[in-house]
Amino acid sequence: MTRLNKRPALLLFLLVLAILAPLGHGNYIIYVLTSWLIFSIAAMGLNLTLGYAGQISLAQASFMAIGAYTTAIMTLAGWHWLIAAPVGMVLCFLVGLVLGYPALRVKGHFLAFVTLAFNTLVFLVLRNEDWLTGGSYGLSSMPRPDFYLFKTLKQLPFYYFTLAVTVVAALVLWGIVRSPWGRAFKALRENPVRAESLGVDTRRITLLAFAIGSAYAGLAGALVSPLVQYIDPGSFGLSQSLRILLMVVVGGSGFFFGPFVGAAVVILLPEMLRFTAGYYLIIYSALVIVMLAYVPNGLIGIGTRLRERFWPQHRARGDLAKGAQLK
Amino acid sequence: MSQFLQVMLSGLATGSIYALVAIGFTLIWQSAKTVNFAQGEFVMLPAFFVLVCTKVLALPLWLALIVALAVTVVVLGVLFKKLVVEPILPSGGIPLTIATMALAIFLKESVKEFYGAEAQPFPPLFPSQTLNVFGAVISLQDICNLVVALAIVVVLTLFLNRTRTGRCMQAAAQNPAVAEILGINVRRMVLYAFLINGALAALASFLITPVYLAKFSNGEVLGLIAFIAAIVGGFNQIRGALAGGLLIGVLDNLTATYVTAEYRAALPLVLLIVVILVRPQGLLGTSEGRAV
């Protein structure tokens with residue numbers, strides 16, 4: 001019971017920390033912190049697909065592109081961000097359904113291959129359809145959302161705006177994961193055969209998880225376009241998708257706060273390790289492989305493992321935790 | 001008509017090289033249940049081994065090719081199995097798949113940092129003359145690529161079907177438990193599969209790099225095409241991967257010439273979705289091989 005009481009206090013502390021973090025820093029640091037939040041949203045979505053539903057999606061950046069371009073085109077045409085962003089998310093959700101439907105009909109890693117190939121298609125559309133997307137020059141000078149009393153033109157208000165969106169997105173996801181419907185996601189990951197035998201329509205649930213995860217990427221994209229105010233096809237390539245995937249894995253897939261930790265490692269750490277320059281990605285990818293060999297649960301997994309060791313909690317039916325893995 | 005012939009032949013030539021990569025991918029999948037997302041990078045890398053041998057060590061081309069082949073088999077065969085697959089396989093399929101993606105980034109960035117980001121010219125292995133057949137201009141290089149690649153496939157098939165070791169490998173891939181009981185050293189057979197994959201990647205690299213130039217990012221497209229070729233042809237056999245590779249090579253060229261050059265790179269996605277919807281076990285695959 002004590003843990004349950006500690007948790008809200010810890011969350012409140014983290015939230016206060018997030019509110020205080022940018023104060024007294026220059027615009028650049030605030031920009032980096034904002035992009036940390038944005039990538040956390042994208043990674044949160046992928047965590048639903050990978051961590052809860054157990055499917056690899058390699059198109060998270062492409063869905064960000066769909067969200068970013070939709071928002072950019074609509075806000076440039078004079079629509080408000082509050083209308084443009086949901087449109088982008090719905091579009092991502094629908095594309096997710098269309099893409100996921102064939103891929104999830106068959107078992108195996110088909111979603112990974114389909115989404116891998118989907119990256120190319122999105123890139124080609126963005127580059128070739130100049131009339132809509134500005135071709136390889138992209139789109140620029142998108143307006144930032146304006147809420148009359150609260151303008152987000154400056155970097156700091158935009159950070160708080162992003163923080164608010166992130167908190168709402170996280171709460172919604174929390175609700176989804178806690179709902180009976182979200183528990184079906186988890187059941188599916190732990191033991192698909194058993195989930196199916198208990199009446200969970202695995203195919204539909206996986207498809208929904210993927211589509212919702214894609215919609216989260218759309219939301220992240222909708223925030224990217226007012227943040228950087230310049231988008232081009234090249235910034236949403238396969239390597240960006242892989243980056244988001246590794247965020248989820250490094251943070252700890254299947255843990256609710258994993259994406260935040262993972263995004264921090266991928267976005268904030270390179271800023272601190274500037275001296276490693278071009279070697280950063282080499283070192284990072286090697287460390288990911290080592291990590292997968294020893295702690296497949298990611299950084300949060302290390303945390304829980306350490307806690308178990310030093311502050312062992314009373315465990316009722318420890319075998320239940322293992323039960324899911326028994327074949 | 002002559003244009004059609006040209007397009008077909010050069011499609012078959014590149015397609016046969018895709019097939020080599022796809023076959024390696026299939027072998028690894030069958031024997032170790034590993035979906036290798038670094039397969040494209042496995043083809044990108046050997047070309048750079050050759051470049052290092054010829055440029056830095058000043059070896060003649062033929063020796064450089066042999067050295068590069070040997071190094072590739074050791075690095076992408078033995079080391080890949082010992083350092084990446086074996087430690088991670090127990091944690092499950094998804095961590096291993098993701099590890100191969102991290103490996104892809106690792107190989108790509110290493111080549112970019114340590115060799116260079118620009119596309120490097122690569123010495124052609126065959127004369128680049130052209131022949132005139134019934135009015136069609138056919139490059140000799142294409143014909144040589146096609147012949148060599150098909151010869152490699154034939155040799156590999158004979159090895160797997162006619163030799164004792166090859167048949168042991170098949171047994172180990174189909175049912176490791178029973179194979180073990182029958183006295184087959186399953187671990188060694190799996191190792192052989194990794195060695196063959198390394199060798200196939202190296203050979204594909206030597207054949208395709210003169211056409212595409214050596215660049216660190218070559219693997220992205222090559223890998224994607226190889227996966228799709230393996231899936232389209234049928235995941236569980238060599239002739240499937242061969243058919244898939246040839247089909248993609250030809251269709252890619254036909255699309256670029258007769259349909260759309262701008263969207264030619266979207267062909268793999270279209271093909272993949274059509275196959276999944278219509279014939280999920282692949283063109284030549286048997287459905288029980290797709291149970292996984």
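A search of the whole structure, which is a predicted model, returned 1 cavity of 30 Å³ or more. The space in the largest cavity amounts to about 40 Å³. The residues that line the largest cavity are B:Val43, B:Met44, B:Ala47, B:Ser205, B:Ile208, B:Thr209, B:Asn218 and B:Leu222. At least two lining residues come from each of α2 (39-56), α8 (186-212) and α9 of chain B. By residue class, the lining of the largest cavity comprises 5 nonpolar and 3 polar residues, with no charged residues.

The interface of the two chains was examined next. Contact between the chains involves 37 residues of chain B and 42 residues of chain A. Together, chain B and chain A bury about 3,600 Å², and 82% of this area lies on carbon and sulfur atoms. Between chain B and chain A, 0 salt bridges were counted. Polar contact across the interface was found for 3 residue pairs, with both residues at pLDDT 80 or more.

On the side of chain B that touches chain A, two or more residues are supplied by each of α3 (61-88), α4 (93-114), α9 (218-233) and α11 (267-278) of chain B. The element that gives the most to this side is α4(B), with 14 residues. The residues on the side of chain B that touches chain A are divided into 29 nonpolar, 3 polar and 5 charged.

Notes. Residues numbered from 1 in each chain as written. Chains lettered and ligands numbered in written order. Predicted model: local features only at pLDDT ≥ 70, side-chain atom pairs only at ≥ 80, totals over all residues. Heavy atoms only, no water. Contact = heavy atoms within 4.5 Å. Buried area = accessible area lost by both parts, 1.4 Å probe. Salt bridge = Lys/Arg side-chain N within 4 Å of Asp/Glu carboxyl O. Polar contact = N/O pair within 3.5 Å; in protein donor to acceptor, adjacent residues only side chain to side chain. Helix = DSSP H or I, 4+ residues; strand = E, 2+ residues; numbered from the N terminus. Nonpolar A, V, L, I, M, F, W, Y, C, P; charged D, E, K, R; others polar. 1 Å grid on protein atoms, 1.4 Å probe; cavity = no way out; pocket = protein on both sides within 12 Å on 5 of 7 lines; lining within 4 Å. Points joined across faces, edges and corners; volume = space filled by probe spheres on them.
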